[in-house]
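Please look first at the sequence and the structure shown here, and then follow the account below.

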Amino acid sequence: MCGNNMSVPLLAEAVTVSGTEKETAAVIFLHGLGDSGHGWADTMTTIRLPHVKYICPHAPRIPVTLNMKMTMPSWFDLMGLSPDSPEDEAGIKRAAENIKAIIDHEVKNGIPANRVMLGGFSQGGALSLYTALTCQQQLAGVVALSCWLPLHKSFPQAASTSGNRDMPILQCHGEMDPMIPVQFGAMTAEKLKIIVNPQKITFRTYPGLMHSSCPQEMAAVKEFIEKQLPRI
């Protein structure tokens, strides 16, 4: 083993669901605003594959403008949740670098980048999309749940040096989401089609689902992970 978790701040505290056999792939899954990695680690345990390691880091605690500057776990500051809201560009880019550091750590420890998948829910899904689309290493794919693409006006230019123009993306959204309306998810899917190979994008919506996940959605996530990260 070269390098240790302490050299990557987010990894030191992250919840990791280990494989039950030799780990040949990794899924890095990012929680939503005000949450922690624990709940999603539990969810990943229910859909785990024996050769995959699941890493669920905790976001740092920062004041969030949207919530009256209250301090809470947040990957970056949020000013609003509409496509035209001002965005925390510096914070988003800094957060993406911290996720890329986790990818680099996994690569150093023997899991190639093309066997690493990013995923997340809400703000975490947004960060996973931004990180993958600005990452020079070719990744296995992205699972983007109930989310949006941050700094969407900077694309496709922001992805010009990305290794992920042909990357599969599974995007899922609840049709009754009161926080991030499903129309925002649909707009995101259309934007993604001009950044990556449109045939690699799957956008699924779930009737009656609000700003959360459901068993059908998690079954689709498991199927996607199995397809993109098969046992080798």
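A residue counts as buried when its relative accessible area is under 20%, and as exposed when that area is over 50%. The model described here is a predicted one.

**The buried helix α4**

By this cut-off, 11 of the 11 residues of α4 are buried, so the helix is largely enclosed by the rest of the structure. The buried residues of α4 include Gln123, Gly124, Tyr130 and Leu133.

**The chain as a whole**

The chain contains 6 helices and 9 strands. A compact globule of 232 residues would have a radius of gyration near 17 Å, and the chain agrees with this because its own value is 16 Å. The C-alpha trace spans about 45 × 35 × 35 Å along the principal axes of the chain. Of the 232 residues, 52% count as buried.

Among contacts between residues at least 6 apart, 74% join residues at least 24 apart. The chain exposes about 10,200 Å², and carbon and sulfur atoms supply 55% of this area. Its charged side chains number 19 positive and 20 negative, and the centres of the two sets lie 5 Å apart.

**Aromatic rings**

A pair of aromatic rings is described by the distance of the centres and the angle of the planes. In this model the count comes to 4 aromatic pairs. Two of them are set out in the table.

| Pair | Arrangement | Centre to centre | Angle between planes |
|---|---|---|---|
| Tyr130 and Phe155 | edge-to-face | 5.7 Å | 80 degrees |
| Trp148 and Phe184 | stacked | 6.5 Å | 20 degrees |

Each pair links distant parts of the chain. Tyr130 belongs to helix α4 (residues 123-133), whereas Phe155 lies in the loop between β7 (141-145) and β8 (169-174), and 25 residues separate the two. Both Tyr130 and Phe155 are buried. In the other pair, Trp148 lies in the loop between β7 and β8 and Phe184 in helix α5 (residues 182-192), with the partners 36 residues apart. Trp148 and Phe184 are both buried. Elsewhere, Phe29, Trp40 and Phe121 form one aromatic cluster.

**Backbone features in the loops**

Most residues other than glycine have a negative phi, and most peptide bonds are trans. Where does this model depart from that pattern? A cis peptide bond joins Phe155 and Pro156, with omega at about 5 degrees. Pro156 is found in the loop between β7 and β8, the loop that also holds Phe155.

Gln157 is found in the loop between β7 and β8 as well. Is Gln157 buried or exposed? With a relative accessible area of 56%, which is over 50%, Gln157 is exposed. Gln157 and Thr134 stand 23 residues apart in sequence, and their C-alpha atoms are 9.8 Å apart in space.

Two residues other than glycine have a positive phi. For Ser146 the angle is near 50 degrees, and this residue lies in the loop between β7 and β8. Its relative accessibility is 0%, so Ser146 counts as buried. For Lys69 the angle is near 65 degrees. Lys69 lies in the loop between β4 (61-64) and β5 (70-73), and it is exposed because its relative accessible area is 51%.

**Val221 in helix α6**

Val221 has its place in helix α6 (residues 215-228). Its relative accessible area is 1%, so Val221 is buried. Which residues does Val221 touch, not counting residues up to four places away in sequence? They are Ile47, Val143, Leu145 and Leu170. By contrast, the C-alpha atoms of Val221 and Met176, which are 45 residues apart along the chain, are separated by 20 Å.

Technical notes: Residues numbered from 1 in each chain as written. Predicted model: local features only at pLDDT ≥ 70, side-chain atom pairs only at ≥ 80, totals over all residues. Heavy atoms only, no water. Phe/Tyr/Trp six-rings, centres within 6.5 Å; stacked < 30°, edge-to-face > 60°. Helix = DSSP H or I, 4+ residues; strand = E, 2+ residues; numbered from the N terminus. Buried < 20%, exposed > 50% of the residue type's maximum accessible area, 1.4 Å probe, protein only. Rg over C-alpha atoms; globule rule 2.2 N^0.38 Å. Contact = heavy atoms within 4.5 Å. Areas by Shrake-Rupley, 256 points an atom, 1.4 Å probe, with all protein chains shown as cover. Lys, Arg positive; Asp, Glu negative; His and termini not counted. Charge placed at Lys NZ, Arg CZ, Asp CG, Glu CD.
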